[in-house]
Amino acid sequence: MSASFHGDEHSILDNHAGTLMNKLELSVAIGNYDRVRPLIDGEVQIDGVDSIYMLHDPEEIFFRAFRHADFDITELSLSSYTVKTAAGDCPYIGVPVFPSRAFRHTSIYIRTDRGIQTPTDLRGKRIGVPEYQLTANVWARLFLEEDHGIRPQDMTWLRGGYEEPGRVEKINLNLPEGVHVENIPEGETLSGMLASGELDAVMGPRAPSCFMQGHPHVSYLYSDPQQAASDWYQRTGIFPIMHLLGIRKTLVDRHPWLPFSVYKAFEQSKAKALAKLSDTSATKVTLPFVEDQLLAARRLMGEDFWSYGFAPNRNTLERFLVQHHAEGLSQRLLKPEELFHPATLESFKI
């Protein structure tokens, strides 16, 4: 019998039949979503893995993942991951698990006293962004351009933190000529500048606090963003992907079975979460009329409205990658297949 030891495993590998191997002890950084709670709570296990879950906000996860590759398995910004993958220097390989998806017609907040009645009125305006390349902002610029003819060159972009000054772009950018991005003044915040009128609008994945607090001159760009998003989905079939899952490449090189095991476990976890959501005999979420919301989502988007996997999401990913490259964010146009480990591009059927 021969045995070998690895630093990331508490294991003895037996080369004979009946091999017994202890599980890999791996860190998993993820948001605290209902669709991953069955994993966190131990109802679902990743085959061969003893998971150490770290529940953080996306900003912390992405900063630590892209600056220091802190985690073994991690939620990743689709945009930042695309930047790094196109450049050939990403420490992670993707798995087609999408922990965060959102329609971004709710992500544009305007001053109501600047004559902004329709999206076309954003031309010439000063738009605040927490980071220019954020996935939510790529999607928002996509539908502004496709539906309303608004190009990034048509606005001035001002970059900074929503509520805390000093936020910086995680990824170095090489933007096309005519796209003007500058940092907001030191000590200022996007929410503060929108409230004071120094910005005409803010675009990003979080609502600024001045909007949440009911500022009398701050509102959504779209008067009914849910209806605008529903109409867009009916025309395009796109439910925007915000985040994907990544695994450290050095781990995958040593354990090629790991990407599919991770994909399978997250798919099982989501299925359990949806079963709980559908059980409205005693509602599991703190929201009235949840059954009506669930029925409306299924009528609009089908039973698998929050799909994982490569095939159901290929078109959505391709549309994103084309927009991302056209904006100068990725140095080459990626194919959707390049985002993921080959073992996760298809699945078995029983």
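The questions below concern a predicted model.

Q: Into which domains is the protein divided, and how far apart do their C-alpha centres lie?
A: Domain 1 is made of two stretches, 24-102 and 240-344, while domain 2 covers 108-236. Between the C-alpha centres of domain 1 and domain 2 the distance is 25 Å.

Q: What area is buried between domain 1 and domain 2?
A: The contact takes 27 residues from domain 1 and 27 residues from domain 2. Carbon and sulfur atoms give 60% of the buried area. The total buried between the two domains is about 2,300 Å².

Q: Which three residues supply more than any others of the area that domain 1 buries against domain 2?
A: Three residues of domain 1 together supply 25% of the area it buries against domain 2, more than any other three. They are Leu 300, Arg 319 and Glu 327.

Q: Which residue forms a salt bridge with Arg 319?
A: Side chains of opposite charge can pair when their charged atoms come close. For Arg 319, the closest N and O atoms of the pair are 2.6 Å apart, within the 4 Å cut-off for a salt bridge. The partner is Glu 146.

Q: Which helix gives the most to the side of domain 1 that touches domain 2?
A: Between the two domains there are ten residue pairs in polar contact. On the domain 1 side, α2, α3, α10 and α11 each supply at least two residues. With seven residues, the helix that gives the most is α11.

Q: How many residues apart are Arg 248 and Asp 72, which form a salt bridge?
A: The closest N and O atoms of Arg 248 and Asp 72 are 3.2 Å apart. Arg 248 lies in strand β11, whereas Asp 72 is in the loop between α2 and β3. The pair therefore links distant parts of the chain, and its separation is 176 residues.

Q: Is Asp 72 buried or exposed?
A: A residue counts as buried when its relative accessible area is under 20%. Arg 248, its salt-bridge partner, has 19% and is buried. Asp 72 has 15% relative accessibility, so its class is buried.

Q: Which parts does the salt bridge of Arg 314 and Glu 337 tie together?
A: The side chains meet at 2.8 Å, N to O. Arg 314 is partly exposed at 30%, and Glu 337 is partly exposed at 28%. Because the two residues are 23 apart in sequence, the pair ties together helix α11 and the segment after α11.

Note on methods
Residues numbered from 1 in each chain as written. Predicted model: local features only at pLDDT ≥ 70, side-chain atom pairs only at ≥ 80, totals over all residues. Heavy atoms only, no water. Helix = DSSP H or I, 4+ residues; strand = E, 2+ residues; numbered from the N terminus. Buried < 20%, exposed > 50% of the residue type's maximum accessible area, 1.4 Å probe, protein only. Domains from an automatic or database assignment. Contact = heavy atoms within 4.5 Å. Buried area = accessible area lost by both parts, 1.4 Å probe. Polar contact = N/O pair within 3.5 Å; in protein donor to acceptor, adjacent residues only side chain to side chain.
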